[in-house]
Number of protein chains: 2
Amino acid sequence: MSIAEPLQEPCAEATQHDCKHGRAANGCEDCKVRLFSVCAALESSELEELDRISQARKVQARTMLFEQSALAGSVFNVTEGVVRLYKSLPDGRRQIVGFALPGDFLGLALQDRYGVTAEAVGRVSVCRFARSAFLAYVDGKPHLLRRLHEFAGHELSLAQDQMLLLGRRTAEEKIAAFLLNMQARYARIGAVSVTVPLPMSRQDIADYLGLTIETVSRTLTRLAREKAVLIVPDGVRLLDQERLKRIGAG
Amino acid sequence: MSIAEPLQEPCAEATQHDCKHGRAANGCEDCKVRLFSVCAALESSELEELDRISQARKVQARTMLFEQSALAGSVFNVTEGVVRLYKSLPDGRRQIVGFALPGDFLGLALQDRYGVTAEAVGRVSVCRFARSAFLAYVDGKPHLLRRLHEFAGHELSLAQDQMLLLGRRTAEEKIAAFLLNMQARYARIGAVSVTVPLPMSRQDIADYLGLTIETVSRTLTRLAREKAVLIVPDGVRLLDQERLKRIGAG
DNA sequence: CGGCGGCATTGATGCAAATCAATGCCGCAT
DNA sequence: ATGCGGCATTGATTTGCATCAATGCCGCCG
């Protein structure tokens with residue numbers, strides 16, 4: 001665990017928002033936390049309170065935010081960059097169970113252990129909340145509790161989709177579904193584009209999809225050869241989204 | 001959806017319990033619902049109230065309790081038998097995301113859609129709650145809300161374990177882990193035994209572990225040949241649990 | 001009793017993805 | 001510049017599991 005010194009600095013660049021107007025927003029210019037769908041459930045006074053109990057922190061690539069067997073002492077909100085969440089087998093085999101993008105929370109399950117390891121993919125900014133402070137904050141707000149529960153339900157649903165993908169889909173289907181999914185997720189945080197950023201390594205993608213690095217590489221090159229995608233530095237441009245949807249449709 | 005006529009009959013056989021004493025229990029003799037770990041969070045008066053809003057129902061094998069795309073209008077508590085929860089691809093490929101045993105809840109995520117299909121494996125008894133009644137019941141009880149949230153977190157953690165299993169483990173490891181897991185689950189509901197009941201078909205096990213029926217069969221036969229297990233009607237006796245743990249350890 | 005249908009087992013063969021093995025590409029430090 | 005280390009790509013080969021194909025077992029019903 002390396003969640004040591006709190007830095008208390010606000011998030012780098014601010015984005016448009018309208019929290020108190022009830023729409024999904026990218027966060028508040030004067031806030032450290034970055035909220036998306038949770039936001040609608042918060043009054044702006046509550047958001048300020050949330051902000052007050054948070055500690056902003058920037059970490060460099062490969063920094064471990066927490067380890068799977070560690071006691072879940074903190075809740076994190078990712079504000080910049082990508083975090084990989086994974087489980088490992090004793091012999092080193094690894095399964096990435098998710099990538100956290102800006103706006104996502106980590107440690108929200110409120111179990112006593114994290115259960116997964118969280119590691120910065122590149123440079124990452126997070127806001128940290130002491131578990132106790134977060135719980136105290138949430139406890140008096142039933143509407144928030146409900147919202148968090150719905151969130152957990154959504155997470156579970158995504159996990160089940162991923163099970164279907166891991167257990168029953170081919171390499172090509174996995175890749176296509178992954179690309180479309182990443183595109184949709186970036187779109188939701190305001191980065192709508194046919195060019196999907198892939199800040200994580202091929203090994204990360206492989207460990208997310210239950211494949212090897214070679215199969216990921218080969219499948220991407222094949223899709224590129226067939227003009228379905230164009231591989232660009234740190235990302236992929238989706239040229240034939242229709243075809244990708246046909247392949248990756250769930 | 002075939003959650004039609006409420007039958008209003010109590011659960012078949014009763015089991016020992018001590019809900020109001022704060023320990024995990026098997027349910028109440030005079031109650032229809034069957035609670036395990038949730039129970040500790042409930043006062044007996046609350047349990048009665050929960051019971052009052054429930055409708056008991058017995059269904060035969062292969063009955064669909066709900067379909068993945070259906071609106072989540074009900075919450076279920078399994079009281080007898082096993083329910084399979086699965087997702088399907090348009091072409092028929094199926095991934096079972098979990099088996100619900102007596103004491104388990106279905107539809108607790110409180111999403112608007114179920115997201116998975118639930119089907120009785122054999123004869124099954126459930127208690128049904130109208131979603132609205134269940135929500136009304138839960139709403140005034142923050143401790144219960146918290147508990148449900150912890151539950152959701154636990155479910156998510158199990159789902160992540162399953163991702164690791166599906167993405168990164170061999171057929172033999174999958175089978176061994178599955179057997180030990182089923183044993184542990186039956187133990188928790190009071191059926192401690194080296195003989196693990198397997199009421200579901202080989203096809204179900206295959207669809208749960210991301211394998212084919214033939215691979216499940218072959219792997220079990222091999223484990224039997226190597227005296228790690230003994231295959232019995234509707235179950236497996238774990239002869240060499242140490243070996244199974246070595247194979248299936250996570 | 002016999003035949004039928006659904007499931008499980010077992011064997012032969014095929015194939016998608018893993019493994020093994022270079023090679024290439026780049027950023028970076030010397 | 002040059003060499004080095006980390007990642008990605010590409011090719012050759014292997015292999016674990018899937019697929020295809022019987023065969024067996026058993027409960028059920030006429």
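Predicted model: local features only at pLDDT ≥ 70, side-chain atom pairs only at ≥ 80, totals over all residues.
Helix 2 of chain B spans residues 131–139, and four of its residues, B:Phe134, B:Leu135, B:Tyr137 and B:Val138, are buried. These four take up an arc of only 160° around the axis, so they end up on the same side of the helix. An α-helix has 3.6 residues a turn, so residues three or four places apart point the same way. Over on the other side of helix 2 of chain B, B:Ser132 and B:Ala136 are exposed. As for what the buried residues pack against, the list takes in helix 3 (142–168) of chain A as well as several elements of chain B, among them helix 1 (44–52), strand 8 (124–130) and helix 3 (142–168).

Now for the sheet. Four strands of chain B make up an open sheet in the order 1-8-3-6, with antiparallel pairing. Strand 1 (54–59) and strand 6 of chain B sit at the edges with a single partner strand each, so one side of each has no neighbour in the sheet. Strand 6 of chain B runs antiparallel to strand 3 of chain B, and two bridges join them. B:Phe76 has B:Leu106, in strand 6 of chain B, as its bridge partner. Helix 2 of chain B packs on this sheet and touches strands 3, 6 and 8 of chain B, with its direction at about 70° to that of strand 8.

Over in chain A, A:Leu158 belongs to helix 3. A:Leu158 is partly exposed, at a relative accessible area of 42%. A:Gly98 is 60 residues from A:Leu158 in sequence, yet their C-alpha atoms are 9.5 Å apart in space.

Note on methods: Residues numbered from 1 in each chain as written. Chains lettered and ligands numbered in written order. Heavy atoms only, no water. Buried < 20%, exposed > 50% of the residue type's maximum accessible area, 1.4 Å probe, protein only. Arc of directions from axis to C-beta. Contact = heavy atoms within 4.5 Å. Pairing = 2+ DSSP bridges. Axes fitted to C-alpha atoms, helices over the stretch in contact; angles between N-to-C directions.
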